[in-house]
Amino acid sequence: MTAEPEVPGTPATAPDDLTAPDDLMEKVVSLCKRRGFIFQSADIYGGFRSTYDYGPLGVNMLRNVKNAWWRSMVQLRDDVVGLDAAILSPPRVWEVSGHLQNFTDPLVDCRKCHSRWRADKLTGPCPNCGADDFTEARPFNLMFKTHAGPVEDEGAVAYLRPETAQGMFVNFANVLQTTRKRPPFGIAQVGKSFRNEITPQNFVFRTREFEQMEMEYFVPPDEGPKWHEYWINERYRWYVDLGMPPEKLRLRPHDADELSHYSSATSDVEFLFPWGWDELEGIANRTDYDLRHHAEASGEHLDYFDQATGERYFPHVIEPAGGVTRTMMAFLLAAYDEDEVGGEARTVLHLHHRLAPYQVAVLPLSKKAELESISREVLGLLQPHVMCDYDVTQSIGRRYRRHDEIGTPWCVTVDFDSLTDRAVTVRDRDTTTQVRVPIDGLVAELRSRTGED
Ligand SMILES: [Zn+2]
């Protein structure tokens, strides 16, 4: 990947990542590009500053990560509803949320080579030129600023949201009135956010444009700590349920000096990345910071009146906030494996079936016309239930390898016997065992293997 570190207007001097990626990282990054998970954005023009495009396989997997989150956080619960708020927002929201004042990194410039650094990450002299002569640190706001409409004056300023959470806070009263939910209840959202990171790094781990999965869970004030604990455990379990090995996960409470300006306590779910433990998701207790500030600034009622007790209060907020792309990357890193099948080396992604880009590959044994009709019949039978690939090129062994490498859990092979016995061979990615299954029983067979409808 192209090293690409700079803040607009500064020279490209800093390396993207001071930690050299180990072998696993290189292999996964290479697989992502080679097989169409992730491409450097604007690749034909040399790539663009830490932005990435998700290819045919990547878009399936990203969608699977988001769907698995939505299923767990919204679909399987009766206390969480969804929202999809705008990305463009007026300065007032970010002034009141504290992001205009507080969402900054301290920056210094090297006076000799004019490279720019984060003061809080810099230890010792300039890593670029070795000089030890820096400007004084000044705050650099991480929000992307733009103008709405044709006139670029102060009145037209808008920001790309740096988090989806404010959408939930400014819609709190709307959701309360339209759904008749009462605390404890949550509002969930999945969507893009933007942060003008000074040092984006580690492939899609930290990028300026990224996608979040956030849920604001509103609770009576005295129940904050209890629900914080609850959501830390729930979120940890979500990764394990999707096949993440527990030894690659840990929970880490933030020290007081790491806390965001709105948070009274935060714990991270961390993954053991090739460069060390790093954040997958933060579960924060945001207290009543946001609702109280927005209520004061807007003059609207953003508190909750409990008719049972006659009490009026600002709910406290527990926020599990995860990143979609870094979650996808962690699952890819954890799933990557090299083993041997029949004396031949293979690369395999042991992805959970719910996350794999394709659940099933339908493979006619031969390109001969007589197999096409029955193969397409099998494909049509499966497509309403799972994401399928249809692959007719090269030998069956090569096709199995290709699908092992992208994590497809099951290959369904149609052969010449299928024409007479109306059965196909189902091959399992992890065990490579093959069983003969009647075409009419194929959907039921997959259901029993996934444990899903
Ligand atoms: Zn320098």
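Q394 is exposed, with 11 other C-beta atoms within 10 Å; exposed here means 12 or fewer such neighbours, buried means 20 or more, and partly exposed is anything in between, with C-beta atoms placed from the backbone. Keep in mind that this is a predicted model, where local features need pLDDT of at least 70, side-chain atom pairs count only at pLDDT 80 or more, and totals for chains, interfaces and linings use all residues. Residue numbers run from 1 along each chain as its sequence is written. The protein chain has 13 helices and 24 strands, taken as DSSP runs numbered from the N terminus (helices are H or I with at least four residues, strands are E with at least two).

- You'll find Q394 in the loop between β21 (388–390) and α11 (396–405).
- T287 is not a glycine either, yet its phi is positive at about 50°. T287 sits in strand β14 (residues 276–287), and T287 counts as partly exposed because it has 19 C-beta neighbours inside 10 Å.
- P183 and P184 are joined by a cis peptide bond, with omega at about 0°. P184 belongs to the loop between α6 (172–179) and β10 (185–194).
- Why flag these spots? Because most residues other than glycine have a negative phi, and most peptide bonds are trans.

**Overall layout**

- Along the principal axes, the C-alpha atoms of the protein chain fill a box of roughly 75 × 65 × 50 Å.
- Of the 453 residues in the protein chain, 35% are buried.
- Among contacts in the protein chain with a separation of 6 or more, 63% come from residues 24 or more positions apart. Two residues are in contact if their C-beta atoms, placed from the backbone, lie within 7 Å.
- The domain assignment gives domain 1 (54–98 + 154–331) and domain 2 (358–450), with bounds that come from an automatic or database assignment. The C-alpha centres of domain 1 and domain 2 are 40 Å apart.

**Strand pairing**

- Three strands make an open, antiparallel sheet in the order β4-β9-β8. β4 (88–89) and β8 (144–147) stand at the edges with a single partner strand each, so one side of each has no neighbour in the sheet.
- β4 and strand β9 (residues 157–160) pair in the antiparallel sense over two bridges; strands count as paired if DSSP finds at least two bridges between them. L88 has L160 in β9 as its bridge partner.
- Strand β23 (residues 423–428) pairs with strand β24 (residues 434–438) in the antiparallel sense, over five bridges. V426 stands opposite V435 in β24.
- The hairpin of β23 and β24 has five residues between the strands, and T432 in this hairpin takes a positive phi near 60°.

**Helix crossing**

- The axes of helix α2 (residues 56–75) and helix α9 (residues 324–335) come within 10 Å and cross at roughly 105°. That makes α2 roughly perpendicular to α9, a label for angles of 65 to 115 degrees (under 35 is roughly parallel, over 145 roughly antiparallel, the rest oblique).
- From α2, the contact uses M61, L62, V65 and K66, and from α9 it uses V324, T327 and M328.
- By class, this contact of α2 with α9 has five nonpolar, one polar and one charged residues. Ala, Val, Leu, Ile, Met, Phe, Trp, Tyr, Cys and Pro count as nonpolar, Asp, Glu, Lys and Arg as charged, and the others, Gly among them, as polar.

Note on methods: Axes fitted to C-alpha atoms, helices over the stretch in contact; angles between N-to-C directions.
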